[in-house]
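Q: Could you show me how to read the pockets and the sheet of a protein model, one feature at a time?

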Amino acid sequence: MSPTNVLIMIHGIIPSSEPLDHAAEYNNFFQSLVALEPQLSGLFAGPPITVEWGHELPNSNNLEDHRRLTRAQNFINEKTKYSSLQRDNHPNNSVINDRGNLVNRGLRLAIAGLRENLFITGMGDVIFYASADGEKAIRREVYNTILDKLQAYENDIDVRLHLVGHSLGVTLCHDFLYGLFASRHQSGFLREHQGSPDAEAKYELWHEKATNGELTLGSMTSTASQIAILAMRKQGMVDMLASHDKLKASDIGITGANPVKWQLFYDIDDVLAYGTRGLYDNPDAIREIQVDNNDNILTVHTSYWKNPVVIQETAQLLLENSR
């Protein structure tokens, strides 16, 4: 019997001040994969499961929990960005008249651009997810979306998950798999009741299927991983890493070495992308590839979906692990 291959795509941080979704980005990426490897069009059980989390969506009135991030970050940015400080004539606000040379002034502008256009509107998402409230809200949205779509395959006995995650989406993919493939008590989603009773029951079912070998990790593609930062959000992880113990790849479904199961991509000019492979105990099953998106420090982080190396290597990884 042929395996049931399921493709899941999860976006990362959203350094945007406007409501948006990732429908076009997801579709263009998948169509680029199929254009390189036409066999992929018939290998998956259904269309890709695409996830939208955090921030406002266009033409939507849904402003629950994480959907308010856009407005909160816009307010913070407006009140704290340097141009606002320069315009504030209150006697308790003092700024320096910048008379530095052109090089130093240009560097300051670049740093201000990063701080205002990437860190508050981007890393703000990471900080929110690292909080108890944010983790629960975002996991509830992401897991519910995936579990609802997976319900169609609950009776299949060879389901293979193929995940593509960017930025914070890498950690979301990782955490989703961890709860399925690690021991049950390690699943924060279940232990801390982060989902609805219905969602937790579905997650429990898939954990059982993973335990019974009916669910496996087909492959994982990660771009601009931030696991190196987010590994430090739990005391247990800090204790393990402080003892120089590596993370267990088997806890996210990676066993054996052939073929490679997990590919990671990073651009060295991307200040929000970190090496990840060296943190895990099965380096033979994990491949890490440096790519060159562009030289614009404000857009390099969001350009992986169009990178030809990412597309080519992802297409090959999916082919190797879906048959």
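**Reading pockets and strands**

A: The second largest pocket is lined by 13 residues, and those nearest its centre are Tyr82, Gln86, Asp98, Arg108 and Leu109. A pocket here is an open set of points, on a 1 Å grid over the protein atoms alone, where a 1.4 Å probe fits, with protein on both sides within 12 Å along at least five of seven lines, and lining residues have an atom within 4 Å of a point. This is a predicted model, in which local features need pLDDT of at least 70 and side-chain atom pairs count only at pLDDT 80 or more, while totals for chains, interfaces and linings use all residues. Residues are numbered from 1 along each chain as its sequence is written, and side-chain values use heavy atoms, with hydrogens and water left out.

Q: Which element gives the most to the lining of the second largest pocket?

A: Helices (H or I, at least four residues) and strands (E, at least two) are DSSP runs, numbered from the N terminus. In this pocket α4 gives the most, with 7 residues, and the elements that give two or more residues are α3 (82-87) and α4 (102-130).

Q: What volume does the largest pocket have, and which residues lie nearest its centre?

A: Rolling a probe the size of a water molecule over the atoms shows where empty space is left. A volume is the space filled by probe spheres set on the grid points, which are joined across faces, edges and corners. For the largest pocket this volume is about 600 Å³, and of its 28 lining residues, Asp175, Tyr178, Gln186, Lys234 and Met237 lie nearest the centre. The largest share of that lining, 5 residues, comes from α6.

Q: In what order do the strands of the open sheet run?

A: Two strands pair if DSSP finds at least two bridges between them. Here the open sheet of 6 strands has the order β2-β1-β3-β4-β5-β6, with parallel pairing; its edge strands, β2 (49-51) and β6 (286-290), each pair on one side only. Between β3 (residues 159-166) and β4 (residues 215-223) the parallel pairing extends over 8 bridges, and Gly165 has Ser222 in β4 as its bridge partner.

Q: Which strands does helix α5 lie across?

A: Contact means heavy atoms within 4.5 Å, and axes are lines fitted to C-alpha atoms, for helices over the stretch in contact, with angles from 0 to 180 degrees between N-to-C directions. Helix α5 (residues 132-150) lies across β1 (4-10), β2 and β3, and runs at about 165° to β2.
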